[in-house]
Amino acid sequence: MSTETEAEPSALDPLARLLAERACERLIVEFLRRLDLGDPSTVAELFTPDGAWEWPQGARRIEGRGALRDYFGSRPADRLSRRMCTNILVTVDSPTTAAATSYFATYRVDGYTGGMLPPRLPANVGHYEDTFRQENGVWLLATRSTFLPFGGPTERVSA
């Protein structure tokens, strides 16, 4: 027979659990906002210093804030993207760790010069599997794994 300890999720204070879930949900949404509407290189600040983003199906992995900053900062200047994220399910594992799954669709083109474009299908549809760690009272992404069952190249629009 086992007894619950403070590290077990069921022992967490309900308010602490709710606040942790909300902080992790906000990180997921802030990640997308920074990529689409902000400065993409600042996405790296949402990760722990040793954080990593990986695509298991393509054997790609970017690890550490510096490498993440370089990766996100290398986004083409003429790229227009909008990401839709839904079905966010956060599970708080302990007072300082959590995990989440969320679904996304990415609409993206290169060569954008302004104005409204005709509707198009998403470039990618998939899901993220994230882990989070609280460091110095702040929740951060520790890992993000991207799974793309539907994906294709980024369309280039003509001027």
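Author: The side chains of E63 and R61 form a salt bridge, 3.2 Å from N to O. A salt bridge here is a side-chain nitrogen of Lys or Arg within 4 Å of a carboxyl oxygen of Asp or Glu.

Reader: What should I know about the model itself?
Author: This is a predicted model: local features need pLDDT of at least 70, side-chain atom pairs count only at pLDDT 80 or more, and totals for chains, interfaces and linings use all residues. Residues are numbered from 1 along each chain as its sequence is written, and side-chain values use heavy atoms, leaving out hydrogens and water.

Reader: How many salt bridges does the structure hold?
Author: The structure holds 13. One of them joins D110 and R79, at 2.7 Å from N to O. That pair links distant parts of the chain, 31 residues apart: D110 is in strand β4 (residues 97-110), and R79 is in the loop between α2 (65-73) and β3 (80-94). Helices (H or I, at least four residues) and strands (E, at least two) are DSSP runs, numbered from the N terminus.

Reader: Is D110 buried or exposed?
Author: D110 is buried, with a relative accessible area of 10%. R79 is partly exposed, at 23%.

Reader: Which residue forms a salt bridge with R120?
Author: E155 does, with the closest N and O atoms 2.9 Å apart. R120 lies in the loop between β4 and β5 and E155 in strand β7 (residues 155-156), so the pair ties together parts 35 residues apart in sequence.

Reader: Which residues are linked in a network of salt bridges?
Author: E30, R33, R34 and E45.

Reader: New topic. What is the phi of A59?
Author: About 55°, a positive value, although A59 is not a glycine. Most residues other than glycine have a negative phi. A59 sits in the loop between β1 (47-55) and β2 (60-63). A59 is exposed, at 72% relative accessibility.

Reader: And what about N136?
Author: N136 is not a glycine either, and its phi is positive, near 50°. N136 is in the loop between β5 (124-135) and β6 (138-151). N136 is exposed, at 82%.

Reader: Last one. How many helices and strands are there?
Author: The protein chain has 2 helices and 7 strands. Along the sequence, the pattern is α-β-β-α-β-β-β-β-β.

Methods:
Buried < 20%, exposed > 50% of the residue type's maximum accessible area, 1.4 Å probe, protein only.
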